[in-house]
Amino acid sequence: MAAQSTVLVVDDSRTKRYLLVSWLTRAGFRVLEAQSGAEALARVDTEPIDLVVLDVRLPDVSGFEVCERIKETHPAMPVIHVSAHAVDVGDRAQGLTRGADAYLAEPIEPDELVATAHAVLRYYQARQRAEFLAERLLGLADATVAVHTAPTFALLMQEAAAGAARIFRSPAAVVAETSDGDCLAGIVTEPDGDATIVPWTVDDTGVPIGATVRVTDPAEWALLPWPADDTVTVAAARLRDDRPPLYVVVPTSTQTHRTPVLVQLAQAVAAAVETQRSFDEEHRIAVTLQRSLLPRRIPDVDGLDLAVRYEPASARTEVGGDFYELVMLDGHLLLAIGDVAGHSLHAATVMAELRHAVRAYAVEGHQPGAILHRVNELMRALLPAELATLCVLLLEPATGRVRLASAGHLPPVLTLDGKVEFVQHSAPLLGVRAERPEDLEFVLPAGATLVFYTDGLIERRDATIDDGLAALAAAAAQVDDDLDRFCERLLVELAPPEIQDDVAVVALRRR
């Protein structure tokens with residue numbers, strides 16, 4: 001360690017400087033020289049120096065001041081004061097108070113100088129190692145939080161690669177397989193660069209459960225341009241036998257003994273990847289179930305145009321309980337749309353129960369208000385902890401006569417000749433005991449369009465519900481000739497790019 005350390009000797013006395021340089025050189029140090037404070041400060045700022053041996057009295061600047069200025073810009077650089085003159089306690093105290101790590105006064109023994117140099121270097125090198133590790137552990141903590149809060153698999157991989165690059169101040173790659181079996185790599189070419197995603201295939205044969213580390217040829221991981229004349233260190237973390245491992249790849253020159261931070265990073269990212277894989281699998285199953293419980297086709301009804309759009313929440317959000325129904329019963333169109341409170345597979349199953357209950361009571365010949373009353377009684381008896389909103393409409397296509405009842409659902413939008421109004425029918429939501437108003441009856445004019453929707457279309461975290469309704473009214477003022485295109489336009493204009501809640505839209509137009 002000492003043989004690799006560089007010492008700067010600062011003294012205006014050529015004889016004294018010669019002695020100090022000779023003693024330190026024989027002890028194995030690389031030694032540089034300076035004759036003045038200004039020269040010393042210049043060399044400290046431009047050359048890799050590990051220790052400064054500094055005379056107290058210099059021709060241009062006090063050694064005490066030089067020490068202070070060194071410590072201001074290089075607080076981890078040790079300084080040993082030496083003095084050829086008799087000094088008192090005050091001088092020693094001043095030197096140590098103003099930043100020196102040791103104070104030697106003549107007569108200085110060679111062994112004492114060398115031993116003092118070794119002592120202060122041991123302390124500072126231990127301090128540097130501790131600070132270095134602390135900085136990496138802080139980066140590890142930040143990266144762990146980032147990967148565990150990433151909303152999608154791709155963003156998780158980008159955060160992992162960016163975190164590795166910041167921790168090790170180098171290029172980095174992170175490779176893992178999605179729940180669909182696609183192998184992706186997040187790569188960063190420089191410490192503070194942007195992460196990108198590329199496809200990459202890895203042979204997982206023989207990778208055991210747990211964490212393993214190996215050093216290999218960069219050509220095996222030609223994901224990015226690695227530093228020349230260096231190998232790469234690959235940490236693999238595998239949590240389960242039936243799951244592929246995750247890999248973190250960095251230049252070997254960045255690693256310390258036993259690679260503790262690299263191993264911890266690989267394990268943390270592997271845990272986040274496993275969570276994301278499981279979530280994606282569960283979400284896919286839930287969405288498949290949810291779609292299977294919705295109507296398979298839209299009825300073809302003379303005199304009416306019908307269109308539907310249903311978009312489940314984005315992958316990170318749990319599946320919700322939005323549903324709709326469109327079916328012809330005894331010459332009337334039954335249209336229902338609702339939303340079960342909560343986001344989970346349980347909400348989706350409650351949605352299925354409510355949809356089938358609505359169909360069953362409608363088949364019995366009940367009007368919308370009676371259907372809602374019976375569904376509410378069913379919920380309070382069998383699903384007492386659940387809440388839901390629901391709007392039910394019965395329409396006679398030939399005449400346009402409508403009976404509508406709502407249970408806390410958002411009001412449908414009626415558009416005719418560019419004029420827009422909300423069909424209000426205020427009533428308590430399902431799951432509570434309360435009086436319900438009479439059904440709303442009206443005639444839907446020829447050429448008019450009704451739009452039913454769930455709250456995912458208009459609700460935003462940064463806007464009020466009134467803002468959302470106003471935006472919907474503006475978007476619905478012009479109805480496209482093609483209702484499918486109209487529903488698609490509503491989603492594009494009103495729903496966020498990453499849908500945080502299920503969205504159901506049902507449009508009905510009377511010819």
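**Note on the predicted model**

1. T259 sits in the loop between β11 and α7. Helices here are DSSP runs of H or I with at least four residues, and strands are runs of E with at least two, both numbered from the N terminus. T259 is not a glycine, yet its phi is positive, near 45°. T259 has a relative accessible area of 11%, so it is buried. The cut-offs are: buried under 20% relative accessible area, exposed over 50%, partly exposed in between, with a 1.4 Å probe and protein chains only.

2. A word on the basis. This is a predicted model, in which local features need pLDDT of at least 70 and side-chain atom pairs pLDDT 80 or more, while totals for chains, interfaces and linings use all residues. Residues are numbered from 1 along each chain as its sequence is written, and side-chain values use heavy atoms, with hydrogens and water left out.

3. Overall form. The chain holds eleven helices and 21 strands. Its radius of gyration is 37 Å, well over the 24 Å from the globule rule for 511 residues, so the chain is more spread out than a compact globule. That radius is taken over C-alpha atoms, and the rule is 2.2 Å times the number of residues to the power 0.38. Along the principal axes, the C-alpha atoms fill a box of roughly 115 × 50 × 45 Å.

4. Burial, contacts and surface. Of the 511 residues, 51% are buried. A contact means heavy atoms within 4.5 Å. Taking contacts between residues at least 6 apart in sequence, 65% join residues at least 24 apart.

5. Charge. There are 45 positive and 75 negative side chains. Lys and Arg count as positive, Asp and Glu as negative; His and the chain ends are not counted. The centres of the two sets lie 2 Å apart. Each charge is placed at NZ of Lys, CZ of Arg, CG of Asp or CD of Glu.

6. Helix α6 covers residues 153–168; its 16 residues should span 22 Å, and the end C-alpha atoms are 23 Å apart, which agrees. The expected span is 1.5 Å times one less than the number of residues. Its buried residues include F153, L156, M157, I167 and F168, along with the run from A160 to A165 that has G163 within it. Just after α6 comes R169, with a positive phi of about 50°. R169 is not a glycine either. It lies in the loop between α6 and β6 (172–177). With 46% relative accessibility, R169 counts as partly exposed.

7. T254. This residue lies in the loop between β11 (246–251) and α7 (260–292). T254 counts as buried, at 12% relative accessibility. Leaving out residues up to four places away in sequence, T254 touches R136, F168 and S170. Of these, F168 is among the buried residues of α6.

8. Helix α11. This helix runs over residues 483–494, and its twelve residues reach 16 Å from first to last C-alpha, close to the 16 Å expected. L483, F486, C487, R489, L490, L491 and L494 are buried. Note R489 in that list. The buried residues of α11 pack against strands β12 (304–311), β20 (449–453) and β21 (503–510), and against helix α10 (465–476).

9. G99 is in the loop between α4 (89–97) and β5 (102–105). At 21% relative accessibility, G99 counts as partly exposed. It touches C67 and K71, residues up to four places away in sequence aside. Further on, E106 and P107 are joined by a cis peptide bond, with omega about 5°. P107 is in the loop between β5 and α5 (110–149).

10. G431. Which residues does G431 touch, not counting those up to four places away in sequence? They are N376, M379, R380, E386 and L387. G431 itself is in the loop between β18 (419–422) and β19 (440–443). From G431 to L394 is 22 Å, C-alpha to C-alpha, and 37 residues in sequence.
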